[in-house]
Amino acid sequence: MSENGSCSSSNHTTGINARPMQQRRLLFQKISSSSDVGRFNRLVIPSVHARAHFPPLKIGENMYKVEILRLIDNQNGTWEVKFEFLPRNRTLVLSRGWKKFVRHHDLRKDGVIRFYEIIV
């Protein structure tokens, strides 16, 4: 199973299954793990890709902010998810809202999730 996505850093919009008519550039992809699409209700974003393509979260010594990102699917539906740093396990994740997205799109373990930049 393959999911496509897009990410626009200008307004922090990220999407999965962006419409084929939109010009886009692949930013990164990841094979989904059971924790990405299962009971933990969060998608772990590899830090190298999060730092390169998502808004910065560090605001000071041991202080982190949270960003709300908008996922866009191939039906042009939007989904708000929380992008945050989890200090306990030192990971960057998409959390609140991710579970709804997973269920709606029937995402499964070992699927390929791709993030694209939408070129306007």
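User: What should I know about the model before we start?
Analyst: It is predicted: local features need pLDDT of at least 70, side-chain atom pairs count only at pLDDT 80 or more, and totals for chains, interfaces and linings use all residues. Residues are numbered from 1 along each chain as its sequence is written, and side-chain values use heavy atoms, with hydrogens and water left out.

User: OK, helix α1. Is D36 buried or exposed?
Analyst: D36 lies in helix α1. Helices are DSSP runs of H or I with at least four residues, strands are runs of E with at least two, and both are numbered from the N terminus. D36 counts as buried because its relative accessible area is 1%. Buried means under 20%, exposed over 50%, and partly exposed in between, with a 1.4 Å probe and protein chains only.

User: What does the side chain of D36 make a polar contact with?
Analyst: The side chain of K30, at 2.8 Å. The D36 side chain also reaches the backbone nitrogen of S33 at 3.0 Å. A polar contact is a pair of N or O atoms within 3.5 Å; within protein, one must be able to donate a hydrogen and the other to accept it, and residues adjacent in sequence count only if both atoms are side-chain atoms.

User: And which residues is D36 in contact with, leaving aside neighbours within four places in sequence?
Analyst: K30, I31, R42, L43, V44, W98 and V102. Contact means heavy atoms within 4.5 Å.

User: What about S34?
Analyst: S34 is in helix α1, residues 34-37. S34 counts as partly exposed because its relative accessibility is 45%. S34 touches R39 and K109, not counting residues up to four places away in sequence. S34 and R108 are 74 residues apart in sequence, yet 7.6 Å apart in space, C-alpha to C-alpha.

User: New topic. How do β8 and β9 run?
Analyst: Antiparallel, with six bridges joining β8 (residues 67-72) to β9. Strands pair if DSSP finds at least two bridges between them. L71 has W79 in β9 as its bridge partner.

User: What sits between the strands of that hairpin?
Analyst: Five residues. In this hairpin, N76 takes a positive phi near 65°.

User: Last one. Which elements each supply at least two residues of the lining of the largest pocket?
Analyst: α2 (47-53) and β9 (78-86). The lining includes A50, R51, F83 and F85. A pocket is an open set of points on a 1 Å grid over the protein atoms alone, where a 1.4 Å probe fits, with protein on both sides within 12 Å along at least five of seven lines; lining residues have an atom within 4 Å of a point.
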